[in-house]
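The points are numbered and can be read in order.

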Amino acid sequence: MSLLDYFRSRKTNTASVAKQRLQILVAHERASRNQPSYLPKMQQELLAVIRKYVHVDEEAISISFEQNGNEETLELNIVFPDEMRAG
Amino acid sequence: MARIIVVTSGKGGVGKTTSSAAISMGLALRGHKTVVIDFDVGLRNLDLIMGCERRVVYDLVNVINGEATLNQALIKDKRCSELFILPASQTRDKDALSIEGVGKILEDLAKDFEYIVCDSPAGIERGATMAMYFADDAIVVTNPEVSSVRDSDRMLGILASKSRRAETAEEPIREYLLLTRYNPERVEQGEMLSVEDVQEILSLQLLGVVPESKAILNASNSGTPVILDTDSDAGQAYSDIVARYLGEDKPQRFIVKEKQGLFKKLFGGK
């Protein structure tokens, strides 16, 4: 290990990287844990219905479920392809 | 009324069985009649860590199936008369564990014992869910490492949704963090998640920190719960942990680097 490596390795604090990654991941997993169990299936079926009429990619649709106290919000987001808007 | 404690983690190899053995021995040494149950059906190891592997005649599944009575299956510890071990079966499949069967055994044990420690297998399969289902308290064993922390959080989710207390909407399971294989030196160098980091991520009450220690392997080599090695750091850490679990106020130890003298630095420590 060269002297340069020695100083470099002290700068990259891998523990703080680990902490950041975990915080994001855990928050995400906790949110999806509280989702109703029908959500993935509903997402698939909605997508199938939309695709009957509009050609959209599978990634073009996103569903999010949020819970704030007693309020539950279901958000459905579809990005239409460019040619649709033009036509 | 007995208190049922599950020692769980999700991830394997973090120290569940070591902790189960040490904590159950610690409770028994303080005069509380304690039984420790191995839920790892098919891969039992608690007997080996407790040093009673050659005394196993009947096991948990035998009792569930009515092939043996609880008294026949319970192994009395030779070092502490208040401690009993109920081994897991080595050969049968996991499906042998049923909610009714496990519930009946725990109910019977609760008549005789103050503490029932359930050593959970790794994973989220049947053995693990059975070990935690009836729990009053959960000790979540975690290493300061990303996959272990993530799996612990996953277990917390399961504890909160799929346990008896969750299903019957009783007071929730009391959850504690037990951080093992901790290396204060690496934490100081920014190479390892600190105890505060892990606590912040999991938002759990800290029961204690067990340092990475040579004493652990020595203890398992000889089949002696590490808490009996009272000179060792890990043994003392577990003693503190048992005391804190029982409500005593013990300051946290083993979370900062030991100051090394020049002599130790030059010629190496223990």
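1. Among contacts in chain A between residues at least 6 apart in sequence, what percentage join residues at least 24 apart? The figure is 33%, where contact means heavy atoms within 4.5 Å.

2. This is a predicted model, in which local features need pLDDT of at least 70, side-chain atom pairs count only at pLDDT 80 or more, and totals for chains, interfaces and linings use all residues. Residues are numbered from 1 along each chain as its sequence is written, chains are lettered from A and ligands numbered from 1 in the order in which they are written, and side-chain values use heavy atoms, with hydrogens and water left out.

3. Chain A has four helices and two strands, in the order α-α-α-β-β-α from the N terminus. Helices (H or I, at least four residues) and strands (E, at least two) are DSSP runs, numbered from the N terminus. Of the 87 residues in chain A, 20% are buried. Buried means under 20% relative accessible area, exposed over 50%, and partly exposed in between (1.4 Å probe, protein chains only).

4. The mean pLDDT of chain A is 78, and 82% of its residues score at least 70; pLDDT is the predictor's confidence in each residue, from 0 to 100. Where pLDDT is low, the predicted coordinates should not be read in detail.

5. How many residues of chain A are in contact with chain B? Twelve are, and they meet 15 residues of chain B. The area buried between the two chains is about 1300 Å², with carbon and sulfur atoms giving 54% of it. Buried area is the accessible area (1.4 Å probe) that two parts lose on being put together, summed over both. On the chain A side, K19(A), L22(A) and R33(A) lose the most area to chain B, together 40% of what that side buries.

6. Between chain A and chain B there are four salt bridges, a salt bridge being a side-chain nitrogen of Lys or Arg within 4 Å of a carboxyl oxygen of Asp or Glu. The side chains of E29(A) and R150(B) form a salt bridge with an N to O distance of 2.8 Å. K19(A) is linked with D197(B) and E200(B) in a network of salt bridges. Over all chains, the whole structure holds 19 salt bridges.

7. Eight residue pairs, both members at pLDDT 80 or more, are in polar contact across the interface of chain A and chain B. The residues of chain A that touch chain B divide into five nonpolar, three polar and four charged. Here Ala, Val, Leu, Ile, Met, Phe, Trp, Tyr, Cys and Pro count as nonpolar, Asp, Glu, Lys and Arg as charged, and the others, Gly among them, as polar. A polar contact is a pair of N or O atoms within 3.5 Å; within protein, one must be able to donate a hydrogen and the other to accept it, and residues adjacent in sequence count only if both atoms are side-chain atoms.

8. Within chain A, K41(A) and E45(A) form a salt bridge of 3.2 Å, N to O. Both lie in helix α3 (residues 39-53) of chain A, four residues apart, about one turn of the helix. K41(A) is exposed, at 54% relative accessibility, and E45(A) is partly exposed, at 48%.

9. In chain B, D137(B) and R3(B) form a salt bridge, with the closest N and O atoms 2.9 Å apart. The pair links distant parts of the chain, since D137(B) is in strand β6 (residues 137-142) and R3(B) in strand β1 (residues 3-8), 134 residues apart. D137(B) counts as buried because its relative accessibility is 0%, whereas R3(B) is partly exposed, at 23%.

10. The side chains of S194(B) and E196(B) are joined by a polar contact of 3.2 Å. Leaving aside neighbours within four places in sequence, S194(B) is in contact with Y182(B) and V187(B).
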